Amino acid sequence: MSDNKQKFSANYAKDAVFKTGLRDFMEYRDLGISDATHGQVHAHLIRVKPGQEGDQDMHTTGAHQHLVDFQFFYVVKGWIKFVYEGQDGEMTFNAGDCVLQPSTIRHNELACSEDLEVLEIYSPAIHETRSVEEVPGHVAA
């Protein structure tokens with residue numbers, strides 16, 4: 001166990017602030033646990049920015065990987081479609097679905113619904129995201 005004792009943290013929906021982040025068509029609500037865990041864990045709610053209506057296929061991230069120890073997401077609302085390194089075909093996740101993405105797995109978000117909301121938790125709070133040429137081992141459906 002770490003010597004850095006976790007702090008109490010509460011984040012109220014009435015005070016929610018969404019900010020633009022890594023992807024220009026999405027916005028992120030920091031749930032306030034990064035400081036409380038001394039940077040060991042980060043959690044945020046991700047949603048498609050209001051006003052980003054149109055072709056869901058434009059909501060793509062490009063092939064990339066995250067240099068993390070742990071990454072998990074839960075689809076709160078809507079749907080999101082990915083391809084993953086070593087996995088067959090495209091995978092669509094709907095409200096109530098969750099995914100544990102192994103460390104450094106290469107993946108690409110292909111599309112998402114306009115009402116998408118995802119809870120994402122990862123560790124460490126600050127990490128590198130790298131663009132990659134392709135998603136190797138992905139077998140097209």
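Guide: Let us begin with a term for accessibility: a residue is buried when its relative accessible area is under 20%, exposed when the value is over 50%, and partly exposed in between. Please bear in mind that this is a predicted model. Glu-120, with a relative accessible area of 12%, is therefore buried. This residue belongs to strand β10.

Visitor: With which side chains does the side chain of Glu-120 make a polar contact?

Guide: One partner is the side chain of His-44, at 2.6 Å. Another is the side chain of Gln-71, also listed at 2.6 Å.

Visitor: How should I read the largest pocket, and what is its volume?

Guide: The largest pocket has a volume of about 540 Å³. It is lined by 31 residues, and those closest to its centre are Arg-23, Tyr-28, His-44, Ile-46 and Glu-120. Two or more lining residues come from each of β1 (19-20), β2, β3, β4 (64-67), β5 (70-77), β6 (79-84), β9 (107-112) and β10 (117-123). Strand β2 gives the largest share of the lining, 4 residues.

Visitor: How many residues of that lining are nonpolar, polar and charged?

Guide: The lining of the largest pocket divides into 13 nonpolar, 12 polar and 6 charged residues.

Visitor: How many salt bridges does a search of the whole structure find?

Guide: The general idea is that side chains of opposite charge can pair when their charged atoms come close. The search of the whole structure finds 3 salt bridges. One of them joins the side chains of Arg-47 and Glu-27, with an N to O distance of 2.6 Å. Arg-47 lies in strand β3 (residues 42-48) and Glu-27 in strand β2 (residues 26-30), so this pair ties together parts that are 20 residues apart in sequence. Arg-47 is partly exposed at 24% relative accessibility, whereas Glu-27 is buried at 10%.

Visitor: Which side chains meet in the other salt bridges?

Guide: Asp-15 and Lys-14 meet through their side chains at 3.4 Å, N to O. Asp-15 is partly exposed, with a relative accessible area of 46%, while Lys-14 counts as exposed at 70%. A further salt bridge joins the side chains of Glu-90 and Lys-81 at 3.7 Å, N to O. Glu-90 is partly exposed at 48% relative accessibility, and Lys-81 is partly exposed at 22%.

Visitor: Which residues in the largest nonpolar core touch the most other members?

Guide: In soluble globular proteins, nonpolar side chains tend to be buried together. Here the largest nonpolar core has 16 residues, and Met-26, Phe-73, Ile-80, Tyr-84, Phe-93, Cys-112 and Leu-116 touch the most other members. At least two residues of this core come from each of β2, β3, β5 and β6. The largest share, 3 residues, is supplied by β6.

Visitor: Which residues have a positive phi although they are not glycine, and where is there a cis peptide bond?

Guide: Most residues other than glycine have a negative phi, and most peptide bonds are trans. His-38 has a positive phi, near 55°; it is found in the loop between α1 (33-36) and β3 and is partly exposed, at 36% relative accessible area. Thr-104 has a positive phi of about 65°. Thr-104 is placed in the loop between β8 (98-100) and β9 and is partly exposed at 34%. The cis peptide bond joins Ser-123 and Pro-124, with omega about 0°. Pro-124 is in the loop between β10 and β11 (128-131).

Notes:
Residues numbered from 1 in each chain as written. Predicted model: local features only at pLDDT ≥ 70, side-chain atom pairs only at ≥ 80, totals over all residues. Heavy atoms only, no water. Salt bridge = Lys/Arg side-chain N within 4 Å of Asp/Glu carboxyl O. Buried < 20%, exposed > 50% of the residue type's maximum accessible area, 1.4 Å probe, protein only. 1 Å grid on protein atoms, 1.4 Å probe; cavity = no way out; pocket = protein on both sides within 12 Å on 5 of 7 lines; lining within 4 Å. Points joined across faces, edges and corners; volume = space filled by probe spheres on them. Nonpolar A, V, L, I, M, F, W, Y, C, P; charged D, E, K, R; others polar. Core = buried A, V, L, I, M, F, W, Y, C linked by side-chain atoms within 4.5 Å. Polar contact = N/O pair within 3.5 Å; in protein donor to acceptor, adjacent residues only side chain to side chain.
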